[in-house]
Amino acid sequence: PSVVNKIAAGEVIERPASVVKELVENSLDAGSRRVDVTVEQGGTELIRVVDDGCGVAPEQLELALASHATSKIIDADDLFRVATLGFRGEALASIAAVSRLTFRSRPVDAPLATELEVVGGAAEPLRPTGGPCGTTVEVRNLFFNTPVRQKFLRTTQTEMGHLTEALTRLALAHPHVHFTLNHGGRLIHDLPPGDARQRIAALLGQDLADSLISIESAEDDISLQGFVANPTHSRPNNRLQYLFLNGRFIRDRSLQHALGEAYRGLLLTGRFPVCFLHLQMPAAAVDVNVHPTKLEVRFQDGGRVYSQLLGTLRTKFLSTDL
Ligand code: ADP
Ligand code: MG
């Protein structure tokens, strides 16, 4: 199984940021109100995620770390049908195959926590231990047993950039959850629970948050909601274009284009508008795309989504003094 898991890990776990994404998604799926992320050396030495979620019962622990074990509904031909972020039951096993992983968990009704350590895919016996309710996952020495992948790791600063971005996307999608990020003993982010605008302010500054124009529309079964920034906050790249589909971050060229079109005349050329937009639509309106980490999606009726976004923004801009 270890070889299979190492291969699977290659697909899902590319760098420390992928580990953070998978672990934090699990924390969110567990209903956590608070998630604390601590990393050392850009996540290559240590990634620790502590949550206050529902936890895992001792008798379920080994299963949780096993390949293709998921406690979540596996209906999914369609990535977007499932309400939880995870559903393939592959992430933990994949991470455990290429690191030294410790999983410590205590469900609310349990008197003690239980700890399971996996080194390069080999599990140690379960150990009862102290600890608060919730789950702590520690991932040390990522890729220690896969030298080729280790060679592809970049500088601490680059890995930290990817990792921070992964957490930013999750934090934007879940403003009511308290997140912290610590790197090398330094507090990078402390994001107390709040509404969407407060979360944006905490991540990207009050000035930007204050300039946001709120957007809302619903046409048939597609709803659009969120913020776009005043043209003065536009950027030389599209990095601050945050688009979420049914709670997941996505990239979509067509919708980026619609955004540019809506701002046409309001922006200097070569500038990109800033946005935080959440689309909700039935799973059936999005084409199947089950690649574990793909950010691109295919809408069944892309034209409809495009024109709804463009139309909503145009109407808003006509009635707003920019
Ligand atoms: P998936 O999320 O696709 O189910 P994972 O490999 O990410 O697969 O996790 C396997 C299982 O471990 C989950 O289905 C869940 O039952 C359990 N689990 C993992 N992390 C947590 C957590 N932080 N809190 C509670 N349960 C967790
Ligand atoms: Mg998961």
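Let's start in a loop: Asn141 sits between β7 (134-140) and α5 (147-151), where helices (H or I, at least four residues) and strands (E, at least two) are DSSP runs numbered from the N terminus. Asn141 is not a glycine, yet its phi is positive, at about 50 degrees. In general, most residues other than glycine have a negative phi. With 24% relative accessibility, Asn141 counts as partly exposed; on this scale buried means under 20% relative accessible area, exposed over 50%, and partly exposed in between, using a 1.4 Å probe and protein chains only.

A word on the ground rules before going on. This is a predicted model, in which local features need pLDDT of at least 70 and side-chain atom pairs count only at pLDDT 80 or more, while totals for chains, interfaces and linings use all residues. Residues are numbered from 1 along each chain as its sequence is written, chains are lettered from A and ligands numbered from 1 in the order in which they are written, and side-chain values use heavy atoms, with hydrogens and water left out.

Now for the overall picture. The protein has ten helices and 16 strands, and 49% of its 322 residues are buried. Its accessible surface comes to about 15,200 Å², with 52% belonging to carbon and sulfur atoms; these areas come from the Shrake-Rupley method with a 1.4 Å probe, and for residues only the protein chains shown count as cover. Among contacts (heavy atoms within 4.5 Å) with a separation of 6 or more, 66% link residues 24 or more positions apart.

Strand β3 (residues 100-106) pairs with β7 in the antiparallel sense over seven bridges; two strands count as paired if DSSP finds at least two bridges between them. Arg100 has Arg140 of β7 as its bridge partner. β3 also pairs with strand β4 (residues 113-119), again antiparallel, over six bridges. Five of the seven residues of β3 are buried, which leaves the strand mostly covered.

Strand β8 (residues 178-183) is mostly covered too, with five of its six residues buried. Six bridges tie β8 to strand β1 (residues 34-40), and this pair runs parallel; Val39 has His183 as its bridge partner. β8 is also joined to strand β9 (residues 186-191), antiparallel this time, by five bridges, with Thr180 opposite Asp190. The hairpin between β8 and β9 has two residues between the strands, and Gly184 in the turn has a positive phi of about 55 degrees.

What lies inside? The largest nonpolar core has 55 residues, and Leu23, Val24, Val37, Leu101, Val139, Phe179 and Phe276 touch the most other members. Such a core is a set of buried Ala, Val, Leu, Ile, Met, Phe, Trp, Tyr and Cys residues joined through side-chain atoms within 4.5 Å. Helix α6 (residues 156-173) supplies the largest share, seven residues. Both domain 1 (2-191) and domain 2 (205-318) contribute, so this core lies between them; the domain bounds come from an automatic or database domain assignment. Leaving aside neighbours within four places in sequence, Val24 is in contact with Val35, Val37, Val49, Leu167, Leu170 and Phe179. Apart from this core lies another, of 27 residues, including Ile222, Tyr263, Ala285 and Leu313.

Glu22 belongs to helix α2 (residues 16-29). Is Glu22 buried or exposed? Glu22 is buried, with a relative accessible area of 7%.

Finally, look at the open sheet of five strands, in the order β10-β11-β14-β12-β13 with mixed pairing. Its edge strands, β10 (212-219) and β13 (248-250), each pair on one side only. The twist averages 20 degrees from one strand to the next; axes are lines fitted to C-alpha atoms, for helices over the stretch in contact, and angles run from 0 to 180 degrees between N-to-C directions. Helix α10 (residues 302-318) packs on this sheet, touching β10, β11 and β14, and its direction makes about 135 degrees with that of β10. Within the sheet, β11 (residues 222-229) and β14 (residues 275-280) run antiparallel, joined by six bridges, and Leu224 stands opposite Leu279. In the loop between β10 and β11 you will find Asp220, whose phi is also positive, near 50 degrees. Asp220 is exposed, with a relative accessible area of 74%.
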